[in-house]
Amino acid sequence: MLWVTWSCWGNGSLDDEKDDLLQRRNYLVDKIMVEPLQLLNEMPGGIGLQFQGEWALYSCSMLAESLSNMAELYPETKDSAVASIDSLIQIVKSPELRRYDRMRWGEDPMESLDGDVSHVSYLSHLAWMIGNYRRIGGDNRYKQLHDSVCKAINRRIKQSPILNIPTYPDEPIYVPDMMVAIVALSDYARLNDGKYSSTVKDWICRAQSEWIDNKTGLLVSFLDDKGMIEALVKGSYAALNCYYLTKIDAEFAKDQYENLKIHFGQSFPVSGIKEYHDRSCWLGMDIDAGPIILNLSPSGTAFAIGVATYFNDMEFRNSLLKTAEIAGHTIKWNNKRHYLLGDIALVGEAITLAMRTNYRINDIRYCR
C-alpha cells in the first residue's frame, strides 16, 4: 500500500508526472528501438507469429504516439522525438515485421499498394506513425510513402459498400482496426488541405447511425462482411474505440466515454474497465484483453486511461493508474522506469505511456 501510494503520488499533474513519463520513455526507447527480429523476440513466444507481429507493431505505433504527444507537452523533447519516430518507422517497414501480415494475406502489404487486398491494420498503423512524424516537425522523407499508403487505404475503404474492410481474410471486421485507418486518414487530411476528410466524415456518420449497440450505446466490436453487427461489445474494444475517437471527434468520443463508464466501469475491489458488461469473470484469459482478473480487462483499463486523460477526468484517471500500479509494480533504475509487468508484455507498457500523454490539444468535428 505504501509503495502504491508513493508511486502514484504525483499523478494528475503534467509537471509532477514529467520525470516519470520521461523515464518510462527512456525504458521503451531502449527496449523497442532495436533490430526488428530482436523486437519480435521481446514478444511472448506462446502467442504465435501473428500476434507477435501485431504486438510488435502496436509497441512501435504506441511509442511513436507517446513521443509525439510528449513533443507537444514538453517541446524540448521534440528533436529527439522526431529522430526516434524515424527509427520506429524503419522498424515497422522492415520485412521481418511485415511478415505476419504477409502470411495472412499471401502478399506483401508494401509491395501491393496498387492492389485491392485490405492489409488495413498494418498499413494504418504505419500511416499513423508517419503522420505523427510529419506533424511534430519531421522532414518530407516519408511524404511520398504517406501519400501512397493513405491513397491505398482510402481507395479500399471507398470500394467497400459498408466502408469497412477486414483485418484478415475469412474473419469478421474488427471495428478498432478500422478506426486506426480513420485516425490515419484524419491525420493525413490535416496535413494535406482536407484530402480524404470526406471518407472520415462518411465513416463517422455511418458509425453513429448504423454501428451502435442497442444495449450499451457503444460502438460495436465486430461487423460481418455485410455491415451487420456481430457478437457482444467487449470492454477492451469499446475502450480502444473511445480512445481512437478522441483523435477524430471529441463530441462523439465524450458520449462513448460516458457509456463506457456506465456499462463497463468498475470501482470495487479495484477501479477499471470490465471485459464483459453482462456477466462476471473472476479469472479468465483473452488474447486482446489479457488476463482477466476480478472482471477487469487489462487492455480496456489501459485504453480508458487515454480517454480519461483527454477529458481531464482526473479522479477516474488516478484510480485507473492506481490499479495499473497494483497490477504492474513500477521499478526504476539508471534514469529508466517501467512496470515489472512490462517485462512480460512490452506492448502494454507502450500503450499505457501513450494513454497517459493523451492530453487534449485540439478538436475536430465530423458528422455535425
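Predicted model: local features only at pLDDT ≥ 70, side-chain atom pairs only at ≥ 80, totals over all residues.

Guide: On the α9 side, the contact is made by V175, P176, M179, V180 and V183. From α11 come Y237, L240, N241, Y244 and L245. Sorted by kind, the residues of this contact are nine nonpolar, one polar and no charged. As for the spacing along the sequence, an α-helix has 3.6 residues a turn, so residues three or four places apart point the same way.

Let's turn to the strands next. Three of them form an open sheet in the order β1-β2-β3, and the pairing is antiparallel. Because β1 (173-174) and β3 (229-230) stand at the edges with a single partner strand each, one side of each is left without a neighbour in the sheet. Strand β2 (residues 222-223) pairs with β3 over two bridges, in the antiparallel sense, and here L223 stands opposite I229 in β3.

Finally, a look at another helix, α4 (residues 48-73). Its 26 residues, at 1.5 Å a residue, should span 38 Å, and the end C-alpha atoms are 37 Å apart, which agrees. Of these 26 residues, 22 are buried, so α4 is largely enclosed by the rest of the structure.

Definitions and conventions. Residues numbered from 1 in each chain as written. Heavy atoms only, no water. Pairing = 2+ DSSP bridges. Helix = DSSP H or I, 4+ residues; strand = E, 2+ residues; numbered from the N terminus. Contact = heavy atoms within 4.5 Å. Nonpolar A, V, L, I, M, F, W, Y, C, P; charged D, E, K, R; others polar. Expected span 1.5 Å × (residues − 1). Buried < 20%, exposed > 50% of the residue type's maximum accessible area, 1.4 Å probe, protein only.
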